[in-house]
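Open the model in your viewer and keep the selection tool at hand.

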Amino acid sequence: MKKRIYLDYAATTPVDPYVAQKMQPYFTEIFGNPSSLHTEGRNAHTTLENARNDVARVLNVQPQEILFTGSGTESDNIALQGVAHAYRSHGRHIVVSSIEHKAVLESASKLEKEGFLVTYLPTSSTGIVKLSSLKDALTPQTILVSIMMANNEIGTIQPIRKISSLIKKHHQTITPFFHTDACQAAGTMNLDVQKLGVDLLTINGSKIYGPKGVGCLYIKNGVRIDPLIVGGGQEKKRRGGTENIPYIIGFAEALTRIDKKRSKESERLTALREYFIKKLIKIPKTRLNGHRIHRLPNNIHVSFYGIEGESLLLLLDHHGVAVSTASACSTNDLSPSHVLKAINASDEWAHGSIRFTLGKYTTMKDIDYVMNILPKLVERLRNISPLQ
Ligand SMILES: *Cc1c(COP(=O)(O)O)cnc(C)c1O
């Protein structure tokens, strides 16, 4: 089979072989239930707490502030709904950005149906949340603000530290709390919670060369959440269910590994990104979406005027290249994504959007290969497109 070029690392990453190997014994040998009192149970418990220490070290927080979950989606759900339900007597107002992941947006709309008031913050045309709108949105009733660290579609990075200091200035006793979804940022950005100044932070294994179906939520000491899943009282009664030890091990291992290599790898990816962008924007009627500088080192989101992104995706796939469109949010809805709408991309541009996301196996040769075929494919689609 011909070699494939995978440029969709923002969708998910392969599991690092070293991580997979580290997980292996926890399926068959060290299999105990961490809640059991016997030796097998105590070994599993020690393993779980070691993983918690590892994650806490990377985030620069206390181990008891780490809650292991089943995904980034679940962490977002707990952050939004868990905090809202625990603090409803303090106020019923929540603020989110309009370009959040659906896990945050759908949680917010669920809360709206329960009687909470939600403000959706606008962004600039490059996808940066307007601080003045945030300032105007905060009221004494605001209990939670959720703004992602970096966007999964267009890669724009938010000024999290500025946002957290702005929120603290508006503190009514303890609220509002500040949650950030850092799933996309975890591979390339520093996650020191003390520097970021957030109260809750979401990351997952799926985007950092760990297993899918596992994540964590940092919850600052003193912040209460109503559990979404109740049962055996695991995770300090914040999430019922026997802990998924092999996956938690894999997640902690992946995070530790990526943290060590982060600054070097970010530099390498940024250089590749710039190399790619320079070539891409030479294709006629092509534009880069998102912010030119405040963007993830591995994200390139472009629009080719007058074509269908999905058609280009399929042609590229046929040529061995995996990319994403992220322009249609669901299969039977061809309207532009909520992110492209929020940055005011016109339909003609939004429809021709492609997201390339680079990762640790991406080389300059891969990009050269793509640039060898891409201009011709775009031209071919433009010649048959009814939009022209
Ligand atoms: C991938 C992603 C999620 C969802 O994570 P899962 O582990 O797939 O549930 C949430 N937020 C962002 C920004 C993501 O990129």
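A nonpolar core is a set of buried Ala, Val, Leu, Ile, Met, Phe, Trp, Tyr and Cys residues joined through side-chain atoms within 4.5 Å. Buried means under 20% relative accessible area (1.4 Å probe, protein chains only). This is a predicted model: local features need pLDDT of at least 70, side-chain atom pairs count only at pLDDT 80 or more, and totals for chains, interfaces and linings use all residues. Residues are numbered from 1 along each chain as its sequence is written, and side-chain values use heavy atoms, leaving out hydrogens and water.

**The core.** Select Val55, Leu59, Ile66, Phe68, Leu134, Leu201 and Ile203: they have the most contacts inside the largest nonpolar core, which has 53 residues.

**Ile203.** Zoom in here. Which residues does Ile203 touch, not counting those up to four places away in sequence? Among them are Leu59, Cys183, Phe251 and Leu255 (contact means heavy atoms within 4.5 Å).

**The ligand.** Select its shell, the residues with a heavy atom within 4 Å. Among them are Ser71, Asp76, His101, Cys183 and Lys207. Helix 4 (residues 72-86) gives the most to this shell, with three residues. Next, pick out the ligand's oxygen atoms. One is 2.9 Å from a polar backbone atom of Gly72. A polar side-chain atom of Gln184 lies 2.7 Å from a ligand oxygen.

Conventions
Polar contact = N/O pair within 3.5 Å; in protein donor to acceptor, adjacent residues only side chain to side chain. Helix = DSSP H or I, 4+ residues; strand = E, 2+ residues; numbered from the N terminus. Buried < 20%, exposed > 50% of the residue type's maximum accessible area, 1.4 Å probe, protein only.
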